[in-house]
Amino acid sequence: MYKAETQSTSSVDIIKVINPANGQKIGTVPRSTVEDVNTAVLKAKINFTKWSKTTPGERSLLLHRLADIVARKAAEFAQIETLQTGKPIRFSTEFDVAGTIDNIRFFAGAARNLEGKAAAEYSSDHTSFIRREPIGVIGSIAPWNYPLQMAAWKILPAIAAGNTIVLKPASNTPLTAIMFAEACLEAGIPDGVVNVVCGPGGEIGAALISHPDVKMVSLTGDTDTGKKVMESASKTVKRTHLELGGKAPFLVFDDAGLEAAIQGAVAGALINSGQDCTAATRALVQRPLYDRFVEGVVSIMEKIKLGDPMDPSTDIGPLVSFKQQERVNGFVRRAEAEGCQILCGGNKGKGALKKGAYFEPTVITKATPESEIFQKEIFGPVLLVLPFTYEQEGIDLANHVDFGLAASVWTSDITRAMNAVRSIHAGTVWVNDHIPIVSEMPHGGIKQSGFGKDMSGYSFDEYTAIKHVMIELTGQREKDWHRVIFKNKLS
Ligand code: NAD
């Protein structure tokens, strides 16, 4: 049983963390109060003065130490991540934990590469230069689908740039975020630089984002939560960074490598049991390939092994919670009632899987572009497949949602690929693949998928403010430009 402490807590209440594979309690964390939020923000504010004055080299060294600690504890991180989310241990180990370690190492290097533009005389009497400065206390809110990675994506660029942070993980998956904050302390990052509070979004999250001493809010979560964050932030004109929902198209043209597209669609749709904001959710396939594509996808989906996430041979585990299982089931039942055809799966796990929040890999067709299943984010192992005839029709269908986070294009024609890349509205477009991410490249959306970037050097644009410094060069009392104010010379 994992018993975690948040860094500041006056609370006597606890949050129970449940293993979605069997419904059993695996740990507890203190449920923070609004008073705890205030204490954490105060600690972050006090520590900002000192932390923001550390050199990039000092911050880099601490981040390298953090990477070593997380690498040393990789197996423990992976195990707890799997227990609280239900994701297969192979996935936690090779994707979540390995990705986090790489991310820490990236930001350890990037901390030393924060730069502004070259100093120059843009007016002949002045030298101008740019300072890139940390913003202050960052309030960050994370979701449950990648608890460790999301904590890392929020904490690393913030502190690498000299900010301090108060993070609120999702209430059902707080354990690895707390372990990560503990690892920060062990690495020597001063107490108060990284702070964690836990509790319901509507109360604890809301208290954090509305706190007057929080200078920026970064949320990864649902688009509706993003709207609430923007509304709250508008009261004090806070900077916001929103990584929200997605409904990624998987666009297959008639010259695509069929076998690769089939396998790519299954992997892209089932990653993290489909609880991935960039997951392939809408496979749009040009007619000559459509029937064979659907047949191939269904055939692989039916062979996917659902099971115990701790078993290394399991392909996909349960959804994160029974609540999420109900939500996914609701989408599928409503699609069915509206006349969509379920080609495989479509149900909660059967037999021994009934004890967990399992949902079968599902392929659905015959939906209209206006339907709920086409438009809304399901966040489950559900792939919609639809045919199209003309190239432009495929692109129009791909763009026909409010989201714009990620998309993929499958073709062997570079001209076609480049035209589709240009026409698709999304923050990331893959060609002949779907899902891979790298620490050096930005992740973030457009449209109602939000704005701002995680990972990469671009994330520093969110976590730093640009200051223009202008230095007068003549030393004269009467500047040349004073002519526009004073009609007569004063001396
Ligand atoms: P959610 O919006 O319900 O919750 C996310 C976080 O926000 C949680 O910590 C929650 O407690 C908090 N929260 C909820 N209401 C709040 C409020 N009023 N004020 C402050 N905080 C509040 O989302 P979720 O269900 O945990 O996560 C799934 C969503 O996250 C999906 O929509 C998914 O697409 C999105 N997501 C996006 C990305 C991305 O990079 N764009 C990555 C992962 C997940």
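Student: Which backbone has a polar atom 2.8 Å from an oxygen atom of the ligand?
Tutor: That is Asp222, whose polar backbone atom is 2.8 Å from an oxygen atom of the ligand, with the caution that this is a predicted model.

Student: What about Gly201, how far is its polar backbone atom from an oxygen atom of the ligand?
Tutor: For Gly201 the distance from a polar backbone atom to a ligand oxygen is 3.3 Å.

Student: And which side chain has an N or O atom 2.7 Å from an oxygen atom of the ligand?
Tutor: The side chain of His443 does, with one of its N or O atoms 2.7 Å from an oxygen of the ligand, and His443 is also listed among the closest of the residues that surround the ligand.

Student: How many residues surround the ligand, and which are the closest?
Tutor: There are 27 residues surrounding the ligand, and the closest are Ala142, Thr225, Leu244, Glu377 and His443.

Student: Switching topic, how is the protein divided into domains?
Tutor: Domain 1 takes in 2-243 together with 456-469, while domain 2 covers 248-431; the contact between them draws 23 residues from domain 1 and 27 residues from domain 2.

Student: How much area do domain 1 and domain 2 bury between them?
Tutor: They bury about 1800 Å² between them, and 60% of that lies on carbon and sulfur atoms. On the domain 1 side, Pro20, Ala21 and Trp144 supply 28% of the area buried against domain 2, which is more than any other three residues.

Student: How many salt bridges are there between domain 1 and domain 2?
Tutor: The count is one salt bridge between the two domains. Arg90 forms a salt bridge with Asp315, and the closest N and O atoms of that pair are 3.7 Å apart.

Student: And how many residue pairs are in polar contact across the interface?
Tutor: Eight residue pairs are in polar contact across the interface of domain 1 and domain 2.

Student: Which helix gives the most to the side of domain 1 that touches domain 2?
Tutor: Helix 3 gives the most, with five residues, and helix 3 (74-85) and helix 4 (89-110) each supply at least two residues of that side. By residue type, the side of domain 1 that touches domain 2 divides into nine nonpolar, 11 polar and three charged residues.

Student: Back to Asp315 for a second, how far apart are Ile304 and Asp315 in sequence and in space?
Tutor: Ile304 and Asp315 are 11 residues apart in sequence and 6.2 Å apart in space, C-alpha to C-alpha.

Student: Where is Ile304 found, and what does Ile304 touch?
Tutor: Ile304 is found in the loop between helix 10 (287-301) and helix 11 (322-337). Leaving aside residues up to four places away in sequence, Ile304 touches Val266, Leu270, Asp315, Ile316 and Pro361.

Note on methods:
Residues numbered from 1 in each chain as written. Predicted model: local features only at pLDDT ≥ 70, side-chain atom pairs only at ≥ 80, totals over all residues. Heavy atoms only, no water. Domains from an automatic or database assignment. Contact = heavy atoms within 4.5 Å. Buried area = accessible area lost by both parts, 1.4 Å probe. Salt bridge = Lys/Arg side-chain N within 4 Å of Asp/Glu carboxyl O. Polar contact = N/O pair within 3.5 Å; in protein donor to acceptor, adjacent residues only side chain to side chain. Helix = DSSP H or I, 4+ residues; strand = E, 2+ residues; numbered from the N terminus. Nonpolar A, V, L, I, M, F, W, Y, C, P; charged D, E, K, R; others polar. Near = heavy atom within 4 Å.
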